[in-house]
Amino acid sequence: MRQLEIELEQRTGLALADYDVLAQLAIADGELRMTELANRALISRSGMTRRVARLVEEGLLRRADAGADGRGVVVALTDAGVARLAETVPAHARGIAEYFVSRLDDQELGVLESALDKVTVDCMFG
């Protein structure tokens, strides 16, 4: 995982945790409440708050009050965030292939494919 993270950041300038935030939002049709985003990503709530603030500054996300009562925060992908995610997906996929998939033989890949077919959600970025 560490090598995947290093190479993703070197190739794209996007940290793996940032990629995860953008990907989680894309899977959720572009927006989530901050608490739900923190639950889905592997980041503490305080860490998520700092990460989202930075990604907002970079123009990749936007924040808004949730609901009429103003309680809670909704985080959403911007067009720039969608574009950045789409640019980063190929590098992430190459890293997954290199560091994980390439280590499996054909039989193991068949078992993995069969297992993932049962749980995979169709998701497209961009």
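Student: In which helix does Thr12 lie?

Tutor: Thr12 lies in helix α1. Helices here are DSSP runs of H or I with at least four residues, strands are runs of E with at least two, and both are numbered from the N terminus. Before we go on, know what you are looking at. This is a predicted model, in which local features need pLDDT of at least 70 and side-chain atom pairs count only at pLDDT 80 or more, while totals for chains, interfaces and linings use all residues. Residues are numbered from 1 along each chain as its sequence is written, and side-chain values use heavy atoms, with hydrogens and water left out.

Student: Is Thr12 buried or exposed?

Tutor: Read the relative accessible area: under 20% is buried, over 50% is exposed, and partly exposed is in between (1.4 Å probe, protein chains only). Thr12 counts as buried because its relative accessibility is 19%.

Student: Which backbone atom does the side chain of Thr12 reach?

Tutor: Look for a polar contact, a pair of N or O atoms within 3.5 Å; within protein, one must be able to donate a hydrogen and the other to accept it, and residues adjacent in sequence count only if both atoms are side-chain atoms. The Thr12 side chain reaches the backbone nitrogen of Leu14, at 3.1 Å.

Student: And which residues does Thr12 touch, not counting those up to four places away in sequence?

Tutor: Contact means heavy atoms within 4.5 Å. On that count, Thr12 touches Arg84, Thr88 and Ala91.

Student: Which residues does His92 touch?

Tutor: Leaving out residues up to four places away in sequence, His92 touches Leu4, Leu8, Leu16 and Tyr19. His92 lies in helix α5. It counts as buried because its relative accessibility is 16%.

Student: How do I read the whole fold?

Tutor: Count elements, then follow their order. The protein chain has six helices and three strands. Along the sequence the pattern is α-α-β-α-α-β-β-α-α. The C-alpha trace spans about 55 × 35 × 25 Å along its principal axes. For contacts with a separation of 6 or more, 53% join residues 24 or more positions apart.

Student: Why look for a nonpolar core?

Tutor: In soluble globular proteins, nonpolar side chains tend to be buried together. A nonpolar core is a set of buried Ala, Val, Leu, Ile, Met, Phe, Trp, Tyr and Cys residues joined through side-chain atoms within 4.5 Å. The largest one here has 27 residues, and Val21, Leu25, Leu37, Met48 and Leu61 touch the most other members. At least two residues come from each of α1 (2-12), α2 (16-27), α3 (34-40), α4 (45-57), β3 (73-77) and α5 (79-99). Helix α2 gives the most, with seven residues.

Student: What does Leu25 contact, leaving aside neighbours within four places in sequence?

Tutor: Leu25 contacts Gly30, Glu31, Leu32, Leu37, Leu61, Val75 and Leu77. Leu25 is found in helix α2. At 0% relative accessibility, Leu25 counts as buried. Sequence distance is another matter: the C-alpha atoms of Leu25 and Ile96 are 71 residues apart along the chain and separated by 20 Å.

Student: And Met48?

Tutor: With neighbours within four places set aside, Met48 contacts Val21, Met34, Leu37, Ala38, Ala41 and Ile43. Compare Thr49, in helix α4. Thr49 is partly exposed, with a relative accessible area of 37%. Leaving aside neighbours within four places, Thr49 contacts Met34 and Arg63. Its C-alpha is 8.6 Å from that of Ala38, 11 residues apart along the chain.

Student: How many residues are in the chain, and what share is buried?

Tutor: The protein chain has 126 residues, and buried ones make up 35%. The chain exposes about 7900 Å², with carbon and sulfur atoms supplying 52% (Shrake-Rupley method, 1.4 Å probe; for residues, only the protein chains shown count as cover).
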